[in-house]
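These exercises concern pairs of aromatic rings. Work through each task before reading its solution.

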Amino acid sequence: MDPSVVLDPRASNQADGAWSFRWLVEQFAGARAPQLVEVWLRSLRTASVDGAPVGDRSGVEDLLSAWPRAQDGSLDLSRAPFQLLAIFNRLDLAGSGKGEGRFVFGLVDPATGQPGRMTVALEYRLPSTSSRQEWAQRWHALAGHGF
């Protein structure tokens, strides 16, 4: 959550920074990333999950209509309205091998930059190349680095 991290150019969608929503989504979806994001957002309009009713999220249509589009009509991920809020660990998750690293993004209004009412967490299982103790030490050591 440190400003030196969340405001770093590596968090910029326009710069295709390695901590940006754009870059992370493109890493697992490749060229289909804009379509995947749109399908995912439209899936939030569902009326039920596993038969249980959920509230309709009609704001998704407003988000998609305000999101700038590329020339081919797909979402322009370089102008994705998700801003990095935090990078943190979940070493406490016993069922996730050595734990997880998480990137948390907050929705911002594309027109005004004002915070929206949505967060997105992209979760990554930490490689088992190190013990949980070693991962904890690595995360802790980040406090000594200037970003």
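**Exercise 1.** Classify Phe 103 as buried or exposed.

Solution. Phe 103 has a relative accessible area of 15%. Buried means under 20%, exposed over 50% and partly exposed in between, with a 1.4 Å probe and protein chains only. Phe 103 is therefore buried.

The model is predicted: local features need pLDDT of at least 70, side-chain atom pairs count only at pLDDT 80 or more, and totals for chains, interfaces and linings use all residues. Residues are numbered from 1 along each chain as its sequence is written, and side-chain values use heavy atoms, leaving out hydrogens and water.

**Exercise 2.** State how many aromatic pairs the whole structure holds, and describe the one formed by Trp 40 and Phe 82.

Solution. Rings of Phe, Tyr and Trp (its six-membered ring) pair if their centres lie within 6.5 Å; planes under 30 degrees apart count as stacked, over 60 as edge-to-face and the rest as tilted. A search of the whole structure gives five aromatic pairs. In one of them, Trp 40 and Phe 82 are 6.4 Å apart centre to centre, with 45° between the planes, so the pair is tilted. Phe 82 is buried at 2% relative accessible area, and Trp 40 is partly exposed at 29%.

**Exercise 3.** Describe the pair of Phe 103 and Tyr 124.

Solution. The centres are 5.9 Å apart and the planes make 85°, which is edge-to-face. Tyr 124 is partly exposed, at 29% relative accessibility.

**Exercise 4.** Which residues form one aromatic cluster with Trp 40?

Solution. The cluster consists of Phe 21, Trp 40, Trp 67, Phe 82 and Phe 105.
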